[in-house]
Amino acid sequence: MNLDRYSFETNKSFLDFEFESNGPKGKIKKVVRFSPQNANGITYFNLGFGDVNPETGSIDDLSKSNNGDREKILATIAHIVLVFTEHFPDVMVYAQGSTASRTRLYQIGISNNFDEINPILKVYGFSGSRWHPFEKGMNYEAFLVSRK
Amino acid sequence: MKNLENKKVKNQPNHVRDYGNDPYFVKKANKSKAFLEKHGFPNELLNKMSGKSHLPR
């Protein structure tokens with residue numbers, strides 16, 4: 001599967017990625033940020049995603065752009081994770097939405113792009129107080145991925 | 001850049017800004033830390049990571 005997706009740009013650090021959603025509401029700048037973090041002595045990267053407020057330049061944390069391109073955006077984020085982990089192959093990436101519905105969107109994104117992701121990444125989902133190998137159709141609270 | 005996958009990425013150091021200090025991303029990273037300190041990591045991933053120290057930064 002190779003879903004339609006947006007082209008994107010990154011910077012020298014390879015931690016920040018930008019792309020533009022293009023739909024009925026015009027062009028909306030999106031950002032994916034991989035923030036280095038440490039928990040229990042283990043380094044990982046938190047995946048953050050949001051819209052850039054064109055007036056302030058900061059991220060709108062709970063904006064809903066409704067630009068009619070959800071699947072294309074999710075495919076783009078999935079591909080960015082593949083590119084990021086190709087550049088940094090020994091890292092773990094954690095993802096959790098700001099709300100339950102946003103976490104659900106990540107789950108949809110992983111499921112829809114699983115054919116592309118699965119040969120390359122190990123994906124885990126958190127549910128019932130522990131981590132499980134990702135399965136389509138299951139609901140998770142958070143996700144962790146790394147290169148196989 | 002090793003393969004076709006990465007050839008589509010435009011790396012323009014002066015174009016994409018560093019969002020590392022954006023409050024939203026800082027808050028998200030801190031929230032993830034709290035979650036993982038409470039619940040831990042999958043053992044299989046930890047085993048894979050052990051012995052690997054090629055982390056950026």
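Residues 24 or more positions apart account for 52% of the contacts in chain A with a separation of 6 or more, a contact being two residues whose C-beta atoms, placed from the backbone, lie within 7 Å. This is a predicted model, in which local features need pLDDT of at least 70, side-chain atom pairs count only at pLDDT 80 or more, and totals for chains, interfaces and linings use all residues. Residues are numbered from 1 along each chain as its sequence is written, and chains are lettered from A in the order in which they are written.

**Chain A overall**
- Chain A has three helices and nine strands, taken as DSSP runs (helices H or I, at least four residues; strands E, at least two) numbered from the N terminus.
- Along the sequence the order is β-β-β-β-β-α-β-α-α-β-β-β.
- Of the 148 residues in chain A, 43% are buried, that is, have 20 or more other C-beta atoms within 10 Å of their own C-beta, placed from the backbone.
- The C-alpha trace of chain A spans about 40 × 35 × 30 Å along its principal axes.

**Helix α1 of chain A**
- Helix α1(A) covers residues 70-87 and has 18 residues.
- Its buried residues include Ile73(A), Leu74(A), Ile77(A), Ile80(A), Val81(A) and Phe84(A).

**Contact with chain B**
- Chain B places 37 residues in contact with 40 residues of chain A.
- On the chain B side, α1 (4-7), β1 (10-11), α2 (23-39) and α3 (43-49) each supply at least two residues.
- The largest share, 10 residues, comes from α2(B).

Conventions: Expected span 1.5 Å × (residues − 1). Buried ≥ 20, exposed ≤ 12 C-beta atoms within 10 Å, placed from the backbone.
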